Amino acid sequence: MYRNRRRDPHKCPTPARDDREKCAIMSAMKTPDQQISLALAAAQNSESSLIKISDLPAPWRYNLHIIRGYRFTESCTHCVRSIFHLHNESFNIWSHLLGCIFLFGVLLSGGPPVPNSDIGIDGGSNNTTASLLTSVYFVYLLAAIVCTACSASWHTMRCISCHSTMSCFSSLD
């Protein structure tokens, strides 16, 4: 009864007729520069600077189930300033950013995870084992900080209109 169909990421997923027409216009345009110009114009003409997926150029349509709330801008500073506004990436940005800040605070507090109990592996070198476990803990903590910071920067810069800049930040996530 149901057929398994693959969705084309270049096709518009929205059911509204106006959106389908916009999507057809965007897909019919040959150059990415023309698609980017239309998307930038749509973002500038919007009251909230947010646009629908049908307004985005084809390479920026990454999730067909999120229909509206997209940011699109030429400016890196506008991308950074947009984290203080509500859009479809807000939760991703703030969950990673707050996690990064929390982990950085844990790192600065310097609280080693090793209790002062007897945990010697080789029987007598408690101090060596404790310093090894503390080193592993701090390396793990630094990796978690870098991971959350990179993810927050990717979700923040995802709305940039320069495809090469977007691809660069995409490799961070």
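**Ground rule for the cavity search.** Before listing any lining, I need the terms: a cavity is a set of grid points where a 1.4 Å probe fits but cannot get out, and a residue counts as lining if it has an atom within 4 Å of a point. I also note that this is a predicted model.

**Entry: the cavity.** How many cavities of 30 Å³ or more does a search of the whole structure find? I get one. For the largest cavity I read a volume of about 80 Å³. I wrote down its lining as L56, W60, Y62, Y70, R71, F72, N88, E89, R158 and C159. Sorted by class, that lining comes out as six nonpolar, three charged and one polar.

**Entry: R158 and Y62.** Both names are in the cavity lining, and I checked how they sit relative to each other. R158 lies over the face of Y62, and I noted 3.4 Å to the ring centre.

**Entry: R61.** I went to R61 next, which sits in the loop between β1 (50-52) and β2 (68-71). Is R61 buried or exposed? Its relative accessible area is 5%, so it is buried, the cut-off being under 20%. Then I looked for what the side chain touches. It reaches the backbone oxygen of L56 at 2.9 Å. A polar atom of the R61 side chain also lies 3.4 Å from the backbone oxygen of I53. L56 was already in my notes, as one of the residues lining the largest cavity.

**Entry: the pocket.** The largest pocket holds about 150 Å³. Its lining reads S48, S49, L50, R71, H78, R81, S82, H85, L86 and H87. By class I have six polar, two nonpolar and two charged residues there. R71 turns up in this lining and in that of the largest cavity.

**Entry: S49.** This pocket residue is in the loop between α2 (32-45) and β1. Most residues other than glycine have a negative phi. I read the phi of S49 as near 65 degrees, a positive value in a residue other than glycine. Its relative accessibility is 32%, so I filed S49 as partly exposed, between the 20% and 50% cut-offs.

**Entry: aromatic pairs.** I counted ring pairs with centres within 6.5 Å. By this rule there are four aromatic pairs. I looked at Y137 and F138: the ring centres are 5.3 Å apart and the planes are at 65 degrees, so I logged the pair as edge-to-face. Y137 has 22% relative accessibility, which puts it in the partly exposed group.

**Entry: G110.** G110 is in the loop between α4 (90-109) and α5 (126-157). At 34% relative accessible area, I put G110 down as partly exposed.

**Entry: F91.** Buried or exposed, I asked of F91? It is exposed, with a relative accessible area of 69%. F91 is in helix α4. I also have F91 and H155 at 9.6 Å, C-alpha to C-alpha, while they are 64 residues apart in sequence.

**Entry: the whole chain.** I finished by zooming out. The chain has six helices and two strands. Along the sequence they follow the pattern α-α-β-β-α-α-α-α. Of the 173 residues, 31% count as buried, and R61 is one of the buried residues.

Note on methods: Residues numbered from 1 in each chain as written. Predicted model: local features only at pLDDT ≥ 70, side-chain atom pairs only at ≥ 80, totals over all residues. Heavy atoms only, no water. Helix = DSSP H or I, 4+ residues; strand = E, 2+ residues; numbered from the N terminus. Buried < 20%, exposed > 50% of the residue type's maximum accessible area, 1.4 Å probe, protein only. Polar contact = N/O pair within 3.5 Å; in protein donor to acceptor, adjacent residues only side chain to side chain. Phe/Tyr/Trp six-rings, centres within 6.5 Å; stacked < 30°, edge-to-face > 60°. Lys NZ or Arg CZ within 6 Å of the ring centre and 35° of its normal. 1 Å grid on protein atoms, 1.4 Å probe; cavity = no way out; pocket = protein on both sides within 12 Å on 5 of 7 lines; lining within 4 Å. Points joined across faces, edges and corners; volume = space filled by probe spheres on them. Nonpolar A, V, L, I, M, F, W, Y, C, P; charged D, E, K, R; others polar.
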